[in-house]
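Please inspect the sequence and the structure before reading each solution.

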Amino acid sequence: MSEHRKGIIAIIIAALLWSTGGLFIKLISLDAYQLSFYRSIFSALTFVVLFRKKVFVFNTAIFFNGLFYAGILILFVVATKLTTAANAIFLQYTAPIYVLIFEPLILKTKLKTINVFSVIISFLGMTLFFVGEISPSHFSGNLVALLSGICFAAFLIGIRKSSEEYRVPSIFWGNIFIPIICFSSVYPEFNIDLKNFMMVAYLGIFQIGFAYAIFTYSIKRIEGIEAALIAMIEPVMNPIWVYFGYGEKPSPFAILGGLIILSTITIRTIITEKRRLNSNN
């Protein structure tokens with residue numbers, strides 16, 4: 001098997017593991033902060049086992065990237081508890097839209113016309129998540145999911161500004177920050193039953209730990225465009241697992257909004273990559 005094919009298989013596995021997060025977050029009876037506390041402990045330990053000394057690098061960039069990473073995970077769990085899994089994952093995947101807005105300001109890149117159109121269309125898609133939402137918890141969950149997407153965008157920009165060797169440490173330290181932030185939610189009892197323990201262990205070890213390790217393996221073997229497009233398996237499969245495993249059905253407006261956002265990001269990525277390849281030939 002070629003290295004390229006290994007990379008494609010790896011990113012598919014990583015995306016499928018990521019996509020199971022919504023179902024287990026729904027099934028686990030712990031609150032969002034308790035779940036985040038235990039999951040990240042397992043994830044941090046997994047990173048130590050897999051990457052050993054590499055994870056202990058620390059500097060200012062890693063500190064801020066780790067905080068943004070912590071924000072992604074905590075806010076996503078909170079959002080999934082409050083609103084539908086489809087809303088939470090689709091709204092988190094608005095992150096590339098914020099990157100298109102802030103990247104030219106922060107990294108001094110050129111603002112392209114295609115990016116402007118992508119942002120406008122995606123924001124129209126985002127509004128559909130709030131159509132017909134009369135439940136206060138769903139409305140709040142949607143807002144939290146948007147904040148998770150903003151943290152995701154900040155993390156992506158921060159990682160891009162940082163050296164490659166800082167990626168794994170940023171994720172590791174983010175998983176250290178999360179238990180610190182969420183400590184008051186479990187102190188002083190630290191009570192967790194076996195069923196919840198097994199599910200948060202799965203999330204920490206496989207859905208985050210091994211998934212990110214596999215993702216790191218894959219991006220060394222395939223192009224970024226392939227990784228980005230294949231990773232779209234996550235927002236597509238996440239609500240499907242939740243529907244079959246939990247019985248939660250997303251609203252038609254949320255499905256339409258999610259399709260608009262994912263289609264816009266996908267088409268924009270394909271067009272810009274083709275332009276890049278043509279300019280290099």
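**Exercise 1.** Determine which residues of the largest nonpolar core touch the most other members.

*Solution.* A nonpolar core is a set of buried Ala, Val, Leu, Ile, Met, Phe, Trp, Tyr and Cys residues joined through side-chain atoms within 4.5 Å, where buried means under 20% relative accessible area with a 1.4 Å probe, protein chains only. The largest such core holds 72 residues, and Ile28, Leu35, Phe47, Tyr69, Val200 and Tyr212 touch the most other members. Helix 4 (residues 60-82) gives this core its largest share, 10 residues. Helices here are DSSP runs of H or I, at least four residues long, numbered from the N terminus.

The model is predicted: local features need pLDDT of at least 70 and side-chain atom pairs pLDDT 80 or more, while totals for chains, interfaces and linings use all residues. Residues are numbered from 1 along each chain as its sequence is written, and side-chain values use heavy atoms, without hydrogens and water.

**Exercise 2.** List the contacts of Val200, leaving aside neighbours within four places in sequence.

*Solution.* Contact means heavy atoms within 4.5 Å. Val200 meets Ile28, Leu30, Leu35, Tyr38, Arg39, Phe42 and Ile192 on this criterion.

**Exercise 3.** Describe the secondary structure and burial of the chain.

*Solution.* First, the chain contains 13 helices and zero strands. Second, buried residues account for 50% of its 281 residues. Third, of the contacts between residues at least 6 apart in sequence, 89% join residues at least 24 apart.

Conventions
Helix = DSSP H or I, 4+ residues; strand = E, 2+ residues; numbered from the N terminus.
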